[in-house]
Amino acid sequence: GCTGTQTECTNARDADRPLPAPMMRPSQMHPKPATRSMAVRISSLAGLLLLTFAPALVAQMPVTGLGLGYPVPPIDARAAALGGTGLGLLGGTLSSRNPADLRGFQRPTLGLTYAPESIDIETPGSTQTTGRSRVAIVQAAVPIRSWTFGLGFASGLDQDWGVRLQDTLQSSFGTFPYAERREHDGGVSAVTLAVARELGRFSVGIDGSLRTGSLRQSFARDFEPSLEDPEVTLGVAGGEARFSWSGFRIRGGAATNLGSRVRLSGVVGWSTDLKATRDSAGSEDVTYSFDMPFEWAIGGSAQVTTGLLATAAVGFSDWSATNSDLQGSTASDVFWYGVGLEYVGFTLFGAGLPLRAGVRREDLPFSLVGTEQLAETAATFGVGLEISGGLAAFDLAVEFGSRGDFAASRVEERFRRLSISMAL
């Protein structure tokens with residue numbers, strides 16, 4: 001359900017850096033020369049150049065395409081509008097930050113959050129506009145006496161991106177203009193089973209997530225005839241690789257209400273290695289392994305006045321452990337925080353209409369080797385609508401933010417993300 005970036009780039013000869021592992025292998029070159037001897041020479045040269053320059057374009061890809069991709073926060077539109085918090089929210093949340101927060105629901109609840117995004121990518125000499133969309137989270141919560149059971153699906157690592165460029169290959173055999181296209185299509189998602197229980201003033205929860213997904217990498221370079229001799233052509237070179245992802249994560253959390261006006265929440269999580277198994281088309285499959293981070297987060301909310309709710313959350317993930325398994329990019333620890341306010345005092349056709357606003361900042365785990373760590377900042381706004389006395393809810397959030405710093409890393413993204421949640 002995602003649309004990868006289609007970036008039109010030019011003059012990318014200097015972007016000679018490898019793509020993040022795992023990396024596919026170019027293949028299937030079909031020369032069409034004027035003579036047999038010229039065919040052999042050009043074929044050999046083109047093959048060498050493809051092996052040398054096929055890993056290019058990292059400098060032209062979106063910053064969310066580095067490393068293992070972009071970590072998608074497992075939050076609903078209410079939490080997104082409140083600075084991306086999603087921990088200890090009074091009134092309940094369909095976010096999947098902490099399994100203990102499932103006890104915030106008094107009735108069986110099912111919700112879905114859809115999050116389309118528009119992106120402007122600024123690179124040296126050009127600015128491109130693209131977009132993607134994803135189902136951020138689907139969450140069900142079923143309370144039974146002092147227990148609550150949850151089942152959810154959430155995006156984990158978004159790996160969709162694409163790059164297109166036009167350039168010219170110059171050699172002693174001729175000058176060959178070409179168009180190149182490289183695309184990644186896929187990602188890692190998490191299917192989560194959770195249980196929470198009320199223990200006096202506290203609620204505790206545990207969940208287990210199966211990480212799954214797939215990735216298709218494709219590469220194609222289409223050569224035009226030689227500028228010196230149109231009878232000499234190299235044809236098309238390209239290839240494709242497919243991977244399947246697997247792994248497991250377990251988290252434990254706790255939450256407590258301090259009276260009826262304050263709720264605090266905290267969670268820790270541990271993961272097995274994330275494995276990428278490459279389909280080798282009949283031969284023995286190749287498996288890559290990536291360390292996944294240990295993570296923790298704490299947050300809460302407070303009913304400041306009858307109509308005003310304040311919320312805040314912080315979190316940490318030690319992504320730097322993944323460094324030894326990457327190529328072309330480096331991984332760093334991630335720290336994130338967000339704060340938000342929710343005001344309930346307006347109505348629309350008799351239904352409650354809460355207004356929300358917040359700010360957030362989050363480090364990105366992956367960046368180019370030799371550059372500063374990238375960060376994402378955003379201002380968040382939103383509105384909600386409660387229907388039939390709270391039996392249904394519709395929440396909308398919009399985020400305006402940026403990723404990276406053009407002066408430091410020569411690439412920057414400005415994005416606008418819309419989150420839409422519907423719950424019954």
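Visitor: What makes residues count as being in contact with L94, and which ones are they, leaving aside its neighbours within four places in sequence?

Guide: Contact asks for heavy atoms within 4.5 Å. In this predicted model, D76, F105, T109, G111, I137, Q139 and A423 are in contact with L94.

Visitor: How far apart are L94 and I137 in sequence and in space?

Guide: They sit 43 residues apart along the sequence, and their C-alpha atoms are 8.2 Å apart in space. The contact between L94 and I137 rests on heavy atoms, with a cut-off of 4.5 Å, whereas the 8.2 Å runs from C-alpha to C-alpha.

Visitor: Why is L94 called buried?

Guide: Buried means under 20% relative accessible area. L94 has 7%, so L94 is buried. You will find L94 in the loop between helix 2 (77-81) and strand 3 (109-123).

Visitor: And what makes R145 exposed?

Guide: Exposed means over 50% relative accessible area. R145 reaches 78%, so R145 is exposed. R145 is also in a loop, between strand 4 (126-144) and strand 5 (147-158). Look at its backbone too: R145 has a positive phi of about 55°, although R145 is not a glycine.

Visitor: How much of the whole protein counts as buried?

Guide: Of its 424 residues, 52% do. The secondary structure comes to three helices and 23 strands.

Visitor: Which residues lie nearest the centre of the largest pocket, and what makes a residue part of its lining?

Guide: A lining residue has an atom within 4 Å of a pocket point. By that test 35 residues line the largest pocket, and R78, G91, G92, E386 and A393 lie nearest its centre. Strand 21 (375-387), strand 22 (392-403) and strand 23 (412-423) each give two or more residues to the lining. The space in this pocket comes to about 800 Å³.

Visitor: How does that lining divide by class?

Guide: There are 15 nonpolar, 13 polar and seven charged residues. Gly counts as polar here, so G91 and G92, two of the residues nearest the centre, belong with the polar ones.

Key: Residues are numbered from 1 along each chain as its sequence is written. This is a predicted model: local features need pLDDT of at least 70, side-chain atom pairs count only at pLDDT 80 or more; totals for chains, interfaces and linings use all residues. Side-chain values use heavy atoms; hydrogens and water are left out. Helices (H or I, at least four residues) and strands (E, at least two) are DSSP runs, numbered from the N terminus. Buried means under 20% relative accessible area, exposed over 50%, partly exposed in between (1.4 Å probe, protein chains only). On a 1 Å grid over the protein atoms alone, a cavity is a set of points where a 1.4 Å probe fits but cannot get out, and a pocket is an open set with protein on both sides within 12 Å along at least five of seven lines; lining residues have an atom within 4 Å of a point. Grid points are joined across faces, edges and corners, and a volume is the space filled by probe spheres set on the points.
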